[in-house]
Amino acid sequence: SWFVFKSAMILFRATKDMGKMLGGEEEKDPDAQKKEEERQEALRQQEEERKAKYARMEAERENIRQGIRDKYGIKKKEEKEAEAAAAMEQASEGSLTRPKKAVPTGCGDEEEEESIVDTVMKFIPAPLMDMFNKK
């Protein structure tokens, strides 16, 4: 009997909602507009409180981070980037062209290339070495 009652209630609600969806008359609540405004205001207030809470938490975290940075002499990413940009700008002050990129080690050092060739030549057997020297 409980199941029959519950099924009847669900069926009644479903037909009532179907009537609303098909354009039937809705129940008019005289205070509906006022309640909706109050609900929206409460949601806005909750959102502001949540944002303020997380802003406080982030400020506390930043203070802790700064304490760690000060203790171990670590710089913030923004400070590192600003210093790098200032160094690049200072290096290119008198130049009319863009600053050159740094050449990685092993690329372009002639002395190092010669030492590599010498190192390879040490491991070549003597008969092959003679063939290279004849040419």
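## Confidence in the model

The chain has a mean pLDDT of 77, and 68% of its residues reach 70 or more. The term pLDDT stands for the predictor's confidence in each residue, from 0 to 100. This is a predicted model: local features need pLDDT of at least 70, side-chain atom pairs count only at pLDDT 80 or more, and totals for chains, interfaces and linings use all residues. Residues are numbered from 1 along each chain as its sequence is written, and side-chain values use heavy atoms, with hydrogens and water left out.

Helix α2 has the highest, at a mean of 94. Helix α4 (residues 110-122) has the lowest, at a mean of 67. Where pLDDT is low, the predicted coordinates should not be read in detail.

## Overall build

The chain has five helices and zero strands. Its pattern along the sequence is α-α-α-α-α. Helices (H or I, at least four residues) and strands (E, at least two) are DSSP runs, numbered from the N terminus.

Of the 135 residues, 1% count as buried. Here buried means under 20% relative accessible area, exposed means over 50%, and partly exposed lies in between (1.4 Å probe, protein chains only). The accessible surface of the chain comes to about 13200 Å². Carbon and sulfur atoms hold 58% of that surface. Accessible areas come from the Shrake-Rupley method with a 1.4 Å probe; for residues, only the protein chains shown count as cover.

Helix α2 covers residues 32-72. Its 41 residues should span 60 Å at 1.5 Å a residue, and its end C-alpha atoms are 60 Å apart, so the two values agree. The expected span is 1.5 Å times one less than the number of residues.

Just after α2 comes G73, with a positive phi of about 70°. I74 lies in the loop between α2 and α3 (77-91). I74 is partly exposed, with a relative accessible area of 45%.

## A nonpolar patch

I64, I68, Y72 and I74 form a nonpolar patch on the surface. Together they have about 430 Å² of accessible area. Patches are made of residues with over 30% relative accessible area and no salt bridge; like charges are joined within 9 Å, and nonpolar side chains (Val, Leu, Ile, Met, Phe, Trp, Tyr) within 5 Å.

## Salt bridges

The structure holds 10 salt bridges. A salt bridge is a side-chain nitrogen of Lys or Arg within 4 Å of a carboxyl oxygen of Asp or Glu. One of them joins E58 and R61, whose closest N and O atoms are 3.6 Å apart. Both residues sit in helix α2, three residues apart, or about one turn of the helix. E58 is partly exposed at 36% relative accessible area, and R61 is partly exposed at 39%.

R65 and E62 also form a salt bridge, with the closest N and O atoms 3.1 Å apart. R65 and E62 are three residues apart in helix α2, so about one helical turn separates them. R65 is partly exposed at 33% relative accessibility. E62 is partly exposed at 25%.

## A shared network

E62 has another partner. Its side chain meets that of K76 in a salt bridge (3.5 Å, N to O). This pair links distant parts of the chain: K76 is in the loop between α2 and α3, E62 is in helix α2, and they are 14 residues apart. K76 is partly exposed, with a relative accessible area of 24%. Salt bridges with shared partners join E58, R61, E62, R65, R69, K76 and E78 into one network.

R69 lies in helix α2. Is R69 buried or exposed? R69 counts as buried because its relative accessibility is 13%. Leaving aside its neighbours within four places in sequence, R69 is in contact (heavy atoms within 4.5 Å) with E62, I74, K75 and K76.
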